[in-house]
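Me: I would like to go through some of the terms used for this structure and see what stands behind each of them.
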Amino acid sequence: MEEERGVLVCRAIPGIQPRSAFTSKGVAAGKFACISVDQRDYAPTAAQFIKHPLALVACLPRDVTLFLAGAAAGAAAKTLTAPLDRVKLLMQTHGLRVGQESAKKAVGFFEALALIGKEEGLKGYWKGNLPQVIRIIPYSATQLFAYEAYKKLFRGVDGELSVIGRLAAGAFAGMTSTFVTYPLDVLRLRLAVETGSRTMTEVAVNMLREEGFASFYSGLGPSLIGIAPYIAVNFCVFDFFSIGNHCHTHVLSSRHC
């Protein structure tokens, strides 16, 4: 790669008498000097991106960067805790799996852990994690954008958003994001509960063939009722803390002015 060097150019300014002169080495002999810097936008080369791939993040808008970081963090957290979630679901549904005669016999944590490894191998601990990871991105995106849209809808005549308006916007945003991504959540649960080595596609096709499209939204009503107050309070409290922090910062900066 060719090395880039800065160039110092001296030009006469009309109406201004020079009070100093530059020596042969480019050092000012007097007390006055004016340097003009040519500002240009230089796009990183492909070789620089290959060497420093994380530099791609700096080229994205701040909101997009925060969203992608949140999605990546959520996917990593879900993947890390997926074995515990699988064990929990197995313990909750063990009676239904083995039949009514053994339904009274509960399965313990270590017993469930060993059972998954014995029947399905190591990959069985992460069964159902793929639809959960896929669900994170559209769920987060829909929730954030829906919340902003509902806030505009619930603003009063004066343009202000009341506490009730924030709660309503949060509740509707939570229900909207849940409705959009609910089929992926159903697939995750189906994969996590059943034994065998069927893939997500095979389970989805089987559900569509045997139970119809409505099976992808089984239990949607209770889920919407449960998520609405949770997301409403979540967003409302977050907004108030954000507004309070912004006002506090503004007051402190005004005192220093």
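Reply: Leaving aside neighbours within four places in sequence, Leu-187 is in contact (heavy atoms within 4.5 Å) with Pro-131, Met-200, Val-203, Ala-204, Met-207 and Phe-216. This is a predicted model, in which local features need pLDDT of at least 70 and side-chain atom pairs count only at pLDDT 80 or more, whereas totals for chains, interfaces and linings use all residues. Residues are numbered from 1 along each chain as its sequence is written, and side-chain values use heavy atoms, with hydrogens and water left out.

Me: What makes up the largest nonpolar core?
Reply: Tyr-182, Val-186, Leu-187, Leu-191, Val-203, Ala-204, Met-207, Phe-216, Leu-220 and Leu-224 make it up, 10 residues in all. A nonpolar core is a set of buried (under 20% relative accessible area) Ala, Val, Leu, Ile, Met, Phe, Trp, Tyr and Cys residues joined through side-chain atoms within 4.5 Å. Helix α5 gives the most to this core, with four residues.

Me: Why is α5 called roughly perpendicular to α6?
Reply: Helix α5 (residues 163-193) and α6 pack at an angle of about 105 degrees, with their axes (lines fitted to C-alpha atoms over the stretch in contact, with angles running from 0 to 180 degrees between N-to-C directions) 10 Å apart. Angles of 65 to 115 degrees count as roughly perpendicular, and therefore α5 is roughly perpendicular to α6.

Me: Why is Tyr-217 called partly exposed?
Reply: Tyr-217 has a relative accessible area of 21%, and partly exposed means between the limits of under 20% for buried and over 50% for exposed (1.4 Å probe, protein chains only), so Tyr-217 is partly exposed.

Terms used. Helices (H or I, at least four residues) and strands (E, at least two) are DSSP runs, numbered from the N terminus. Angles under 35 degrees count as roughly parallel, over 145 as roughly antiparallel, 65 to 115 as roughly perpendicular and the rest as oblique.
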